[in-house]
Each structure stands twice: as structure tokens, then as C-alpha cells.
Amino acid sequence: HHYAGNGLRALGPQAEPAIPALKGHFFGENDIRADIAAKVLGEIGPPAFPVLQPALTNAITEVRLRALMAFAVGASTNHADRVVPILKEVVVNGPDDWMKLYAAVLLAKLGREEALTVPVLVEGMQRHINDTRAEAIHALLRFPARAREHIGIIRQLAQDRIREAIGVPEK
């Protein structure tokens with residue numbers, strides 16, 4: 001199934017006839033197949049969006065995150081202009097803080113929607129666990145002027161992470 005997924009990904013939008021089968025795998029029990037299906041759906045782009053958009057509000061967290069992953073794949077190919085409005089909607093009205101943060105991270109990685117994403121990234125740096133904080137910081141650095149405004153928080157979080165990694169207690 002991995003090779004078939006790669007073959008379909010290489011086809012991109014020409015793989016559109018496979019969308020019904022990919023949808024079955026996307027919502028299926030097998031995580032590996034579901035992840036491959038998400039990547040292929042992302043490569044297909046706009047024809048697959050009717051499958052992916054409702055998944056952004058699915059009750060199952062993994063399905064929501066998989067849909068975001070698919071949109072990230074789509075944005076990294078030739079579909080960024082079509083993906084940006086969808087990600088903006090997630091940042092504003094996403095079902096939870098994690099989804100809002102990851103959508104903001106994706107927008108920042110695209111260098112888009114600075115005014116919308118920066119407040120979400122800053123909040124993410126302050127409220128979430130270390131790996132998520134690191135993602136938020138990395139994304140914020142895409143907007144250097146805005147990152148400079150928050151250098152104190154970034155510096156403190158980096159120091160905390162280093163202390164934690166080497167086992168030095170806080171002062």
C-alpha cells in the first residue's frame with residue numbers, strides 16, 4: 001500500500017478518480033493507510049477538498065490532524081492559494097486550540113496571514129507543551145519583526161527547555 005500511495009501521489013490531480021477509495025482509507029482504522037491517503041488527497045488538491053474540509057471538525061482528534069496534514073501537503077505543492085482560506089478559517093473557528101495553533105503554524109510556514117497567525121503563535125508558545133512551543137517559535141521566526149517583539153518569551157522558553165533537557169532545576 002505504501003508503493004501504491006507513492007504512485008498516486010506522483011499523479012497528483014490526475015489521481016482524482018481514486019478519491020472515493022482514498023476517503024475510505026482516510027477514515028479507516030489503519031493509521032498507516034490513513035496517513036498515506038491523507039498525503040495523496042493533499043497532492044490531489046482542490047478536487048479532494050470536499051473530503052478533507054469536513055474532516056477538520058471531525059470528533060476524532062487524529063482525523064482532524066490528518067486533515068490538516070493533507071492541507072499542509074496541498075499547500076506545499078501547487079495549491080497554497082486554495083489552502084490558505086481553509087487554514088484561516090481553522091485559525092478563527094477551529095474546533096480546539098491545537099487545531100487553531102497548527103493551522104497558524106502552517107500559515108506562518110507559508111509566510112501568510114501575519115496579523116492573524118502571530119497572536120495564535122504567541123499564545124501557543126505560552127500555553128502548550130514543549131514540542132508544540134518549539135513549533136510555534138519556529139513558525140513565529142518566519143515573521144522576524146514580530147518575533148523580535150516577543151524575544152523575551154522566546155529566550156525564557158529556550159532557557160527552560162535547556163534546563164529541562166540537562167536536568168537543572170529552576171532558580
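Is Trp98 buried, partly exposed or exposed, and what is its relative accessibility? Keep that in mind while we look at this predicted model. Here is the answer. Trp98 has 37% relative accessibility, so it counts as partly exposed. Buried would need under 20%, and exposed would need over 50%.

Next, the aromatic pairs. The count comes to three. Take Phe26 and Phe27. Their ring centres are 4.9 Å apart, and their planes stand at 80°, so this pair is edge-to-face. The cut-off for that label is over 60 degrees.

How does each ring residue sit? Phe26 has a relative accessible area of 0%, so Phe26 is buried. Phe27 is at 35%, so Phe27 counts as partly exposed.

Now back to Trp98. Trp98 forms an aromatic pair with Tyr102, and this pair is stacked. The centres are 6.2 Å apart, with 20° between the planes. Stacked calls for planes under 30 degrees apart. Where are these two residues? Both lie in helix α7, which covers residues 97-109. They are four residues apart, about one turn of the helix. Tyr102 has a relative accessible area of 26%, so Tyr102 is partly exposed.

Last stop, the surface. Which residues make the nonpolar patch of about 290 Å²? Ile162, Ile166 and Val168 make it. Look at Ile166 on your screen. Ile166 lies in helix α11, residues 151-166. Its relative accessibility is 61%, so Ile166 counts as exposed.

To recap: Phe26 and Phe27 are edge-to-face, Trp98 and Tyr102 are stacked, and Ile166 is part of a nonpolar surface patch.

Technical notes:
Residues numbered from 1 in each chain as written. Predicted model: local features only at pLDDT ≥ 70, side-chain atom pairs only at ≥ 80, totals over all residues. Heavy atoms only, no water. Patch = residues over 30% accessible without salt bridge, like charges linked within 9 Å, V, L, I, M, F, W, Y side chains within 5 Å. Areas by Shrake-Rupley, 256 points an atom, 1.4 Å probe, with all protein chains shown as cover. Salt bridge = Lys/Arg side-chain N within 4 Å of Asp/Glu carboxyl O. Helix = DSSP H or I, 4+ residues; strand = E, 2+ residues; numbered from the N terminus. Buried < 20%, exposed > 50% of the residue type's maximum accessible area, 1.4 Å probe, protein only. Phe/Tyr/Trp six-rings, centres within 6.5 Å; stacked < 30°, edge-to-face > 60°.
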